[in-house]
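Please look through the sequence and the model below before reading on. The report then takes up a few places one after another, beginning with a single annotated position.

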Amino acid sequence: MSDNGRVPRPLLADLSPRLPSPLTEIDDDRFARHGVRVLLKRDDLIHPDLIGNKWRKLAPNLEAARGRPLVTFGGAYSNHLRATAAAGRLLGIATTGIVRGDELAGRPLNPSLARCAADGMRLHFVDRSAYRHKEDPATLTALLEAAGARDAYVVPEGGSNALAVRGCAALGRELRGRADVVALACGTGGTLAGLAAGLAPDQRALGVAVLKGGFLTAEVHALQEAAFGGVRGSWQVADGFHFGGYARVPAELRAFAEDFGQLHGVPVEHLYVAKMLHALVALTRSGAFRTGTTIAAVVTGAPQ
Ligand SMILES: Cc1ncc(COP(=O)(O)O)c(C=O)c1O
């Protein structure tokens, strides 16, 4: 109990994140036969509810919000919405999720949104056109008003704002001196933007795009500009490994993920992590990494 008789809200540190996250070498002939070492950076073990890059991105925003209610945005299966709802439950903070698709409003919640609701998140469904224009200030104000979240702290879709990007720089710092190349899967590019800034000058980051469209390089530039005032670190985007686009998981990729998971005892998330690992195998096979290269592959999430 605090002096004013209220039970104090838990702090982020009370959630005991496992940081730095573990780094473990794997024994895999698909890499070894090319003289390439692979280490898994187990960000999926940071916290059971704020998994992987969700912790790294949300933690600085939760600190900045100082207990104010949070509002954020996502699709019906958004990992980011789920993590924000969980953070609200764990820290005693009210959360609102603005969800893409007003046609979902009258239907039973899917398991992902049901989890958000169970964690106390208030869900507000909006039509796709308004959702698409949510960065426009007038649309944003109207959306927040309608969601009853006018005074809430706004976290953007995917959680990738300047604070989040700066939070992800810690991932790079944890990997200094440990690998030549650091690979990770990218959606918005926020994690790559921060990671690359935290690495040492002789290291490079490789982002594997899971969305189609080839827009990521420009996004990462913009995110680094917003977070650091200019481009930082050495990084590049691999655009050819999205398997048809976001959430496309053909049988071949599913089988690869199951096999990799069994071989190395790591649960492989399909939408992001599997595409990154598959890209590493393909790039290694094609000779993209010279003999003696050590790669750290970031496990940014876990299967739900
Ligand atoms: C498991 C996982 N890995 C990677 C990413 C990509 O992160 P970013 O949007 O920062 O590129 C996400 C984003 O939601 C994710 O859920």
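## An annotated residue in a loop

S78 is found in the loop between β3 (70-74) and α3, where helices (H or I, at least four residues) and strands (E, at least two) are DSSP runs numbered from the N terminus. The unreviewed UniProt entry lists S78 under "active site"; UniProt positions are given here in the numbering of this report, feature names are shortened, and annotations may be inferred rather than shown by experiment. S78 counts as buried because it has 22 C-beta neighbours inside 10 Å. In this report a residue is buried if 20 or more other C-beta atoms lie within 10 Å of its own, exposed if 12 or fewer, and partly exposed in between, with C-beta atoms placed from the backbone.

The model is predicted, so local features need pLDDT of at least 70 and side-chain atom pairs count only at pLDDT 80 or more, while totals for chains, interfaces and linings use all residues. Residues are numbered from 1 along each chain as its sequence is written.

## The sheet that holds β3

Four strands form an open sheet in the order β5-β4-β3-β6, and their pairing is parallel; the edge strands, each pairing on one side only, are β5 (122-126) and β6 (153-154). Two strands pair if DSSP finds at least two bridges between them, and β3 pairs with β4 (residues 95-100) in the parallel sense over five bridges. V71 stands opposite T96 in β4.

## Around the ligand

The ligand is surrounded by 18 residues, the closest being G187, T188, Y272, T300 and G301. The elements that give two or more residues to this shell are α3 (79-91), β7 (181-186) and α8 (190-198).

By residue type, the shell divides into four nonpolar, 13 polar and one charged. Here Ala, Val, Leu, Ile, Met, Phe, Trp, Tyr, Cys and Pro count as nonpolar, Asp, Glu, Lys and Arg as charged, and the others, Gly among them, as polar.

## A buried alanine

A238 is found in strand β9 (residues 235-238), and A238 is buried because 20 other C-beta atoms lie within 10 Å. Leaving aside neighbours within four places in sequence, A238 is in contact (C-beta atoms, placed from the backbone, within 7 Å) with L206, G207, V208, A209 and A279. The C-alpha atoms of A238 and A185, which are 53 residues apart along the chain, are separated by 9.5 Å.

Technical notes:
A residue is near a molecule or strand if its C-beta atom, placed from the backbone, lies within 6 Å of it. Two residues are in contact if their C-beta atoms, placed from the backbone, lie within 7 Å.
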